[in-house]
Amino acid sequence: MPPLDEIIRGSQIWKSVFRHPAPVDRRNRVVVMLTNFFLHLHPVSIKKQGISLSYTWCMGGVTFFLFLVETVTGVLLMFYYRPTLEWAYNDMLALRDVASLGILREIHRWAAHAMVITVWLHMYRVFLTGSYKPPREFNWVIGVILLLLTLLLSFTGYLLPWDQLAIWAITVGSNMARAHPFLGHEGPGSALLTLDGIDMITNASDARFGLLGARFVGEETLNRFYVLHCVAIPLGAALLMAIHFWRVRKDGGISGPL
Amino acid sequence: MHGHVSYEDFIMQVAGFLTAYYLFVAIMNAFAAYYLWQSGRAKALFRLPGSGLAVTTVHVWLLVAGVFTILSAYATNGGAAALSLSPLIRDGADWIMGPVVYSVGSLVLMGGLYLGRSFFVKPTVAWTGLNLSLLLMGLSMTDMDFASIVMKPDNVPIVAMIYLLGFFTWLSAHRAVENDARIARGEVPLEKLDDEKVLVWPDLVYTELICMIALTAVLFIWAIMLQAPLEEPASTVKTPNPSKAPWYFLGLQEMLVYYDPWMAGVVLPGVVVGGLMAIPFIDFNKRGNGYYTINERKFAYCTFQFGFLVLWVTLIVMGTFLRGPNWNFFGFYETWDAHKVEALNNVDLSQYFWVDLLQMGRPKAADDASMAVKIGYILVRESPGIMALAFYFGGGPPAMVIYSKFFREMFMRMGFVRYMVLSNLILLMALLPIKMLARWVVQMKYFISIPEYFLNF
């Protein structure tokens with residue numbers, strides 16, 4: 001009787017999924033990259049510097065992986081979380097104390113912080129190796145937008161636990177929006193510098209109202225940030241990431257002149 | 001670890017952490033010694049007199065590992081309280097530390113590291129610096145005020161970020177210095193030696209797989225060891241003091257000290273994003289593409305590092321660790337006292353000009369004057385600041401071309417539009433330190449102060 005792995009690899013089911021032998025020789029190592037949907041993100045062969053960790057720091061890949069971690073844990077968290085004033089905070093308590101896999105929220109939060117840091121480090125590496133230089137100018141611009149989306153993802157997610165930390169951080173962060181030039185009704189700077197006893201309810205400016213969906217951080221804001229956090233921004237980021245990766249291929253690898 | 005915990009209880013809590021912490025540093029050094037020994041990269045320092053035995057870096061790091069092991073054992077056996085900086089040093093550090101010392105100190109430190117980079121990138125020097133910073137960190141953790149800020153769950157990533165940034169800055173500078181030396185000798189950069197192509201399977205996909213597994217492990221350990229923060233339920237009537245934005249925006253929040261929100265919160269972030277996007281289109285230097293180098297792109301390197309490390313990161317660190325209630329400045333070892341009073345008597349430029357210099361009142365329209373007249377009076381009142389800024393932004397770019405050979409050559413190579421984008425971005429970036437200096441030296445509040453229309457600058 002042949003060994004088990006040969007039986008499996010020889011079966012019709014296996015062959016229907018993987019249409020070529022195991023990637024143990026040169027030919028099949030090329031074929032695997034061309035026939036696998038996930039692997040075809042990569043080219044078949046790349047410059048040696050492109051896999052050197054001390055050169056690439058792997059930070060772009062790590063950022064993408066953290067995005068996937070956030071997606072998976074985020075979907076699981078959505079099972080347990082309702083973005084309403086009545087339930088948001090209680091669901092947080094339940095997530096910590098009742099739900100199994102009690103570290104779900106921890107993984108989501110720490111991976112989010114880590115993602116902000118790894119995006120910066122990725123950008124830092126790209127700058128220090130001059131990888132934004134022609135022909136990669138456009139991809140750098142996309143990267144800047146992705147940086148912005150990462151910060152917005154983190155910012156909108158910050159509100160969802162609906163505790164003191166959340167609403168006051170969002171309040172402070174979004175207060176800047178009411179000072180938007182040309183949109184009027186921004187309070188004088190001193191009112192913001194003196195954070196003690198700040199009056200929350202203002203004649204809202206359009207920018208802040210548009211962000212919060214209300215004149216102050218409330219239930220409308222929670223709903224708005226929830227939708228932005230779970231649907232709108234991830235979709236935008238996914239689209240831009242697809243373009244970002246595709247352009248890496250089209251522009252001839254991660255760095256260096258063509 | 002809140003204020004009402006007694007110091008004895010606090011030390012009990014922190015002793016366990018310190019034990020693990022010092023042990024970790026010891027293991028780290030032992031690994032370094034092992035690596036140097038195995039790779040044959042150990043450097044002989046001197047020979048013991050008599051026996052002639054060569055003392056190498058291996059022995060040094062083994063010794064350091066031994067010292068940290070002893071510290072670890074000491075911390076777990078009730079000696080944690082003694083493992084601290086003397087109150088004299090801590091009070092002295094708090095006394096010296098202020099926004100001016102911190103900001104200027106950061107700039108001087110970065111500048112010094114940059115100028116002495118060929119020394120500081122040496123692995124032995126960098127490793128010594130890392131050990132010293134870790135030791136200082138450990139000794140500081142027995143201070144309640146220091147620990148309470150650093151151990152705040154959301155602040156832990158920032159501590160990690162500081163070390164990560166330090167490491168990667170060192171790594172890139174290390175390679176850049178080596179590349180620059182190679183280029184000076186007429187050789188190609190290290191990266192060019194790796195120009196041949198390799199198959200992605202297995203070389204890259206396995207690296208990625210290992211990275212993913214390692215990262216998953218790190219996330220699990222992190223998530224188990226450190227609980228995500230969950231404070232009291234949200235309340236719109238109880239304002240915490242200080243109220244802080246999420247940590248990555250604290251550099252912007254710190255800028256609120258010097259700028260009004262419309263600048264710090266809207267215009268300057270927009271300029272940062274736009275400026276970042278503009279980088280590939282204003283950096284015409286073709287060299288330094290695909291390898292680490294500093295000498296071949298000094299201007300780009302210094303400008304970016306100034307913006308990123310000096311402005312963005314150090315302001316975040318200041319906003320996170322050093323800004324307490326009422327956004328007052330507190331030293332690393334200072335208790336966050338909500339009643340600390342800091343005199344704020346900042347003066348507008350128009351006040352300096354009309355009242356102090358010309359010894360007259362500031363121009364003011366009659367109360368029943370028409371809108372246009374009032375605006376006219378405001379413009380006259382603020383004319384010193386308006387002219388100063390017009391001179392700065394209007395005269396800056398041409399002056400740079402006229403008086404600096406460097407910028408003149410740049411202008412010739414870049415053309416008008418790209419040069420204007422670059423020079424204005426640099427002038428805008430430089431405005432923040434200028435504004436800080438004006439605040440510190442002459443208590444300048446606003447160059448242009450038009451509170452009637454919320455237009456303070």
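What follows is a short chat about a predicted model with chains A and B.

Colleague: Ground rules before we start?
Modeller: This is a predicted model, where local features need pLDDT of at least 70, side-chain atom pairs count only at pLDDT 80 or more, and totals for chains, interfaces and linings use all residues. Residues are numbered from 1 along each chain as its sequence is written, while chains are lettered from A and ligands numbered from 1 in the order in which they are written.

Colleague: How many residues of chain A are in contact with chain B?
Modeller: 87 residues of chain A, against 76 residues of chain B. Contact means that the C-beta atoms, placed from the backbone, lie within 7 Å.

Colleague: Which element gives the largest share on the chain A side?
Modeller: Helix H7 of chain A, residues 104-128, with 14 residues. Helices are DSSP runs of H or I, at least four residues; strands are runs of E, at least two; both are numbered from the N terminus.

Colleague: And by class, what does that side of chain A have?
Modeller: 54 nonpolar, 21 polar and 12 charged residues. Nonpolar is Ala, Val, Leu, Ile, Met, Phe, Trp, Tyr, Cys and Pro; charged is Asp, Glu, Lys and Arg; the others, Gly among them, are polar.

Colleague: Back to H7(A). How many of its residues are buried?
Modeller: 25 of its 25. Buried means 20 or more other C-beta atoms within 10 Å of the residue's own, with C-beta atoms placed from the backbone.

Colleague: What does H7(A) span, first C-alpha to last?
Modeller: 35 Å, close to the 36 Å expected at 1.5 Å a residue. The expected span is 1.5 Å times one less than the number of residues. Gly130(A) follows the helix, with a positive phi near 60 degrees.

Colleague: Strands now. Which strand of chain B is joined to S1 of chain A?
Modeller: S3 of chain B, residues 197-199. Three bridges join it to S1(A), residues 45-47, and the two run antiparallel. Strands pair if DSSP finds at least two bridges between them. Lys47(A) stands opposite Lys197(B).

Colleague: How is chain B divided?
Modeller: Domain 1 is 1-83, domain 2 is 88-229 + 266-342, and domain 3 is 349-456. The bounds come from an automatic or database domain assignment.

Colleague: How far apart are domains 1 and 2 of chain B?
Modeller: Their C-alpha centres lie 24 Å apart. The contact takes 15 residues from domain 1 of chain B and 12 residues from domain 2 of chain B. On the domain 1 side, H1(B) gives the most, nine residues. That side has 14 nonpolar, one polar and no charged residues.

Definitions and conventions. Two residues are in contact if their C-beta atoms, placed from the backbone, lie within 7 Å. A residue is buried if 20 or more other C-beta atoms lie within 10 Å of its own, exposed if 12 or fewer, and partly exposed in between; C-beta atoms are placed from the backbone.
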